[in-house]
Amino acid sequence: MKVDRHSKIVELIGKYQIETQEELAEYLKRDGYKVTQATVSRDIRELKLTKVQGENGRQRYAVMQSQRDFSEKYLRIFRDCYVSMDMAQNLLIIKTVSGMAMAVAEALDVIGFHELVGCVAGDNTIFCAVRTVDDTIILMDKLKKLLAE
């Protein structure tokens with residue numbers, strides 16, 4: 001149950017601008033988790049969450065940078081090896097330079113997009129399972145932004 005709850009917390013803070021423990025507890029309760037403020041506080045400590053400045057200028061919870069390992073190395077692998085992408089419902093298909101699909105799939109896993117459930121990589125093609133069709137479109141937009149940076 002705790003692992004499931006921790007996974008849900010990471011998903012929620014990736015999806016919403018959550019500013020307080022109380023707000024996080026409310027989101028968890030809406031999703032069927034029975035939590036107290038003390039439980040949420042302990043989860044935040046165990047997950048090593050930190051506060052960062054959100055898009056609205058206010059502080060929000062985020063996974064610590066070192067834990068996500070959102071380093072330039074993984075972004076560079078994605079940018080250097082990416083060829084194209086297309087979608088088929090909630091599947092995102094990414095084409096890469098020959099022999100680099102596994103490296104790009106690992107980069108996607110490490111970056112940790114909450115829309116992405118998992119990847120299966122061949123030689124130059126990655127099949128990404130995405131939560132919903134709408135999330136596939138959102139993920140494609142995020143990847144296009146990463147490529148443009």
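Let's start at T136, which sits in helix α7, residues 133–148. One thing to keep in mind: what you see is a predicted model. So, is T136 buried or exposed? It's buried, because its relative accessible area is 0%, and buried means under 20%. Who does T136 touch? Leaving out residues up to four places away in sequence, the neighbours are M87, Q89, N90, L91, L92 and V130.

Pick L91 out of that list. L91 belongs to strand β4, residues 91–96. With 32% relative accessibility, L91 counts as partly exposed. Together with V120 and F127, L91 makes a nonpolar surface patch of about 270 Å².

Okay, zooming out. The chain has seven helices and six strands. Reading from the N terminus, the order goes α-α-α-β-β-α-α-β-β-α-β-β-α. The C-alpha trace spans about 50 × 30 × 25 Å along its principal axes, and of the 149 residues, 38% are buried.

Now over to the helices at the start. Helix α1, residues 2–15, packs with helix α3, residues 37–47, at an angle of about 80 degrees, and their axes are 11 Å apart. The two are therefore roughly perpendicular to each other. On the α1 side, K2, R5, H6, I9 and V10 do the meeting; on the α3 side, T39, D43, E46 and L47.

Two of those residues are also a charged pair. Side chains of opposite charge can pair when their charged atoms come close. K2 and E46 form a salt bridge, with the closest N and O atoms 3.1 Å apart. K2 is in α1 and E46 is in α3, so this pair ties together parts that are 44 residues apart in sequence. K2 is partly exposed at 41%, and E46 is partly exposed too, at 34%.

How many salt bridges does the whole structure have? Six. Another one joins D31 and K8, at 3.5 Å from N to O. D31 lies in the loop between α2 and α3 while K8 is in helix α1, so that pair ties together parts 23 residues apart in sequence.

One more: R58 bridges to E19, and there the closest N and O atoms are 3.0 Å apart. R58 is in the loop between β1 and β2, E19 in the loop between α1 and α2, which puts them 39 residues apart. R58 counts as exposed at 51%, whereas E19 is buried at 16%. And finally, salt bridges with shared partners join K8, E11 and D31 into one network.

Definitions and conventions
Residues numbered from 1 in each chain as written. Predicted model: local features only at pLDDT ≥ 70, side-chain atom pairs only at ≥ 80, totals over all residues. Heavy atoms only, no water. Patch = residues over 30% accessible without salt bridge, like charges linked within 9 Å, V, L, I, M, F, W, Y side chains within 5 Å. Areas by Shrake-Rupley, 256 points an atom, 1.4 Å probe, with all protein chains shown as cover. Salt bridge = Lys/Arg side-chain N within 4 Å of Asp/Glu carboxyl O. Helix = DSSP H or I, 4+ residues; strand = E, 2+ residues; numbered from the N terminus. Buried < 20%, exposed > 50% of the residue type's maximum accessible area, 1.4 Å probe, protein only. Axes fitted to C-alpha atoms, helices over the stretch in contact; angles between N-to-C directions. Parallel < 35°, antiparallel > 145°, perpendicular 65-115°, else oblique. Contact = heavy atoms within 4.5 Å.
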